[in-house]
Amino acid sequence: IAAAKDATVRELAIRALAAFSKDKPNPKVTEVLEKALSEKEPGIRQAAAYALARSTDEAVLGRMAKLEGDADPEIRAHVAYAIGHSKGAANDAILIKFLDDKENVVKEAALSAVQAKKLAAAQDKVRFLVAHRKVEVRREAMRALVMLAKPADPQLFDIYSKAMQDEDTD
């Protein structure tokens, strides 16, 4: 993979390689994917992060959290996915931090991860995001809020009634 001069070929090779650890972790594949995270080409890094974030190996998911400060928002979104699908709670604070990320793709991924983990500690920030200007963020925030809320929580009545008037078709 590293010998190919064409970045597209390397990216496609990374994507194909990821299938070899789909059902169970493959240490050789993980090693290649983690090495690909240091590539200069964003598409290669993103493909590697995508594959690693979907690993069933808790150690790999934990190492993904180290990329929380990556400059590429797609990488941070994959970090959110990894944390959301990990069993441990050690990196849950990163998800809450990502709810304040300046990039919407990261916010959306963090909101999905909050739902996956049923992360009650994020409820206050999620409540704030229900009024976000971007419909995709509002939609994910509402899904997360409904998942996290206690049934018939009177504090959420105004949020729910306002959401019913939202012109978002979903």
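Which residues have the most contacts inside the largest nonpolar core? The legends below take up this and other views.

View 1. Helices (H or I, at least four residues) and strands (E, at least two) are DSSP runs, numbered from the N terminus. This is a predicted model, in which local features need pLDDT of at least 70, side-chain atom pairs count only at pLDDT 80 or more, and totals for chains, interfaces and linings use all residues. Residues are numbered from 1 along each chain as its sequence is written, and side-chain values use heavy atoms, with hydrogens and water left out.

**View 2. The largest nonpolar core has 47 residues.** Such a core is a set of buried Ala, Val, Leu, Ile, Met, Phe, Trp, Tyr and Cys residues joined through side-chain atoms within 4.5 Å; buried means under 20% relative accessible area (1.4 Å probe, protein chains only). Met-64, Leu-99, Leu-111, Val-114 and Val-126 have the most contacts inside this core. Helix H3 (residues 42-53) supplies its largest share, 7 residues. Of the 170 residues of the protein chain, 44% are buried.

**View 3. Val-114 touches Leu-95, Leu-99, Leu-119, Ala-122, Val-126, Ala-144 and Leu-148.** Residues up to four places away in sequence are not counted. A contact means heavy atoms within 4.5 Å.

**View 4. Arg-54 lies over the faces of Tyr-50 and Tyr-81.** The distance to the ring centre is 3.7 Å for Tyr-50 and 3.8 Å for Tyr-81. A charge sits over a ring if NZ of Lys or CZ of Arg is within 6 Å of the ring centre and within 35 degrees of the ring normal.

Technical notes:
Buried < 20%, exposed > 50% of the residue type's maximum accessible area, 1.4 Å probe, protein only.
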